[in-house]
Amino acid sequence: MTSMTGYAYEEVSSESTVISVEIKSVNSRFLDLFIALPPFLNPLEMYYRNKISSKVVRGKVDVYIRVKELQSDAEITVDEKLAASYMEAIKKIAKASDIKLNPDTALTQVLAQPGVLNSNKTYDVEKYKALIDPVFDKTFEKFCEDRKREGENMKADLINKLSRLEDCASFFLEWQPKMESIFKDQITSKFNELLGEHADQNRIMTETAAMLVKYTINEEIVRLHSHIEAMKDELKNNPTPGKKLDFICQEMNREINTIGSKNQFAEVGAMVITAKDSLENIREQAKNVE
């Protein structure tokens, strides 16, 4: 089982470049993937997107790939005609304004104009991909390990919480025949109080059966136990059980609520509260599961 939250960072330096990869994720209902690359490496976005989605099913995942060049092989070119035009214009303005022109200031102004200096660099995307890949793979491996480690901790916690809920279901099962007996005794007592020895036993049985139909929780108990077993199976066999756990929790909640609405006894009512608390803890933890 895997957590939807995780983090990893790696940085590798060489004589010419510093490459860093950062991956972090938080909870999300679906896979929400964001990848930030230097603009000249945008053609690689789908490549790294596929790498992430091959192993990550759910979560909001942010990936930052940074490349810092320590040595530049960019070619600087000068547009001499444009520079001369700017310089001529500056001289005319200075003359018209009767301002003494400072050559250093004029040169600075010319160099600051767009298009005078141009930097030309050709990027070999495949070359950068070969440099980034080892760093990315190591970071992604650490990221997956971090999510898996947290997932195993959550799995142990969910199993513990599910055990508490199972105890509640067992309590309901033990109380079911007690409730039937209490209902029968209550109805028999009322009939005997009103009719004494003339109480009709068939009528007592009919009224008891009607009471049991209205208040019995046997079906809800059976379904609750079934849902508990289904959740155990998901935790044991499904590597990405998050969505299924959420569905099972909804079904469990329905059965527990029905048991509570039918209940007529304080002991059972107290256990319904415990069961709801246990289920809510399971639901909150399950929200973090991939």
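This is a predicted model: local features need pLDDT of at least 70, side-chain atom pairs count only at pLDDT 80 or more; totals for chains, interfaces and linings use all residues.
Residues are numbered from 1 along each chain as its sequence is written, and side-chain values use heavy atoms, with hydrogens and water left out.

View 1. With a relative accessibility of 6%, Ser-20 counts as buried (buried means under 20% relative accessible area, exposed over 50%, and partly exposed in between, with a 1.4 Å probe and protein chains only). Once neighbours within four places in sequence are left aside, Ser-20 is in contact with Tyr-9, Glu-10, Glu-11, Tyr-64, Ile-65 and Arg-66, where contact means heavy atoms within 4.5 Å.

**View 2. The protein as a whole.** The protein holds 8 helices and 6 strands, these being DSSP runs numbered from the N terminus (H or I and at least four residues for helices, E and at least two for strands). Read along the sequence, these elements follow the pattern β-β-β-α-β-β-α-α-β-α-α-α-α-α. Of the 290 residues in the protein, 36% are buried, and among contacts between residues at least 6 apart in sequence, 80% join residues at least 24 apart.

**View 3. Helix α6 against helix α7.** Two packed helices are described by the angle between their axes and the distance between the axes. The axes of α6 and α7 come within 9 Å and cross at roughly 160°; axes are lines fitted to C-alpha atoms, for helices over the stretch in contact, and angles run from 0 to 180 degrees between N-to-C directions. The two helices, α6 and α7, are therefore roughly antiparallel to each other (angles over 145 degrees count as roughly antiparallel, under 35 as roughly parallel, 65 to 115 as roughly perpendicular and the rest as oblique). The crossing of α6 and α7 is left-handed, a term used if the near helix is turned anticlockwise from the far one by less than a right angle, with clockwise giving right-handed. On the α6 side the contact includes Leu-224, His-227, Ile-228 and Met-231, and on the α7 side it includes Leu-245, Cys-249, Met-252 and Ile-256. The residues of this contact divide into 12 nonpolar, 2 polar and 7 charged, where Ala, Val, Leu, Ile, Met, Phe, Trp, Tyr, Cys and Pro count as nonpolar, Asp, Glu, Lys and Arg as charged, and the others, Gly among them, as polar.

**View 4. Helix α7 against helix α8.** Helix α7 (residues 242-262) and helix α8 (residues 266-286) have axes that come within 10 Å and cross at roughly 165°. The pair α7 and α8 is therefore roughly antiparallel, and the crossing of α7 and α8 is left-handed. Residues of α7 including Met-252, Asn-253 and Ile-256 meet residues of α8 including Val-268, Ala-275 and Leu-279. The contact of α7 with α8 divides into 11 nonpolar, 3 polar and 2 charged residues.

**View 5. The largest nonpolar core.** A nonpolar core is a set of buried Ala, Val, Leu, Ile, Met, Phe, Trp, Tyr and Cys residues joined through side-chain atoms within 4.5 Å. The largest core has 34 residues, of which Leu-165, Phe-172, Met-231, Met-252 and Val-268 touch the most other members. The elements that give two or more residues to this core are α4 (125-195), α6 (218-237), α7 and α8, and α4 gives the most, with 11 residues. Not counting residues up to four places away in sequence, Leu-165 touches Ile-228, Met-252, Ile-256, Ala-275, Ser-278, Leu-279 and Ile-282.

**View 6. Ser-278 in helix α8.** Ser-278 has 1% relative accessibility and counts as buried. Apart from its neighbours within four places in sequence, Ser-278 is in contact with Lys-161, Arg-164 and Leu-165.

**View 7. Asp-98 in the loop between α2 (80-96) and α3 (103-111).** Asp-98 is exposed, with a relative accessible area of 72%. The phi angle of Asp-98 is near 55°, a positive value in a residue other than glycine.
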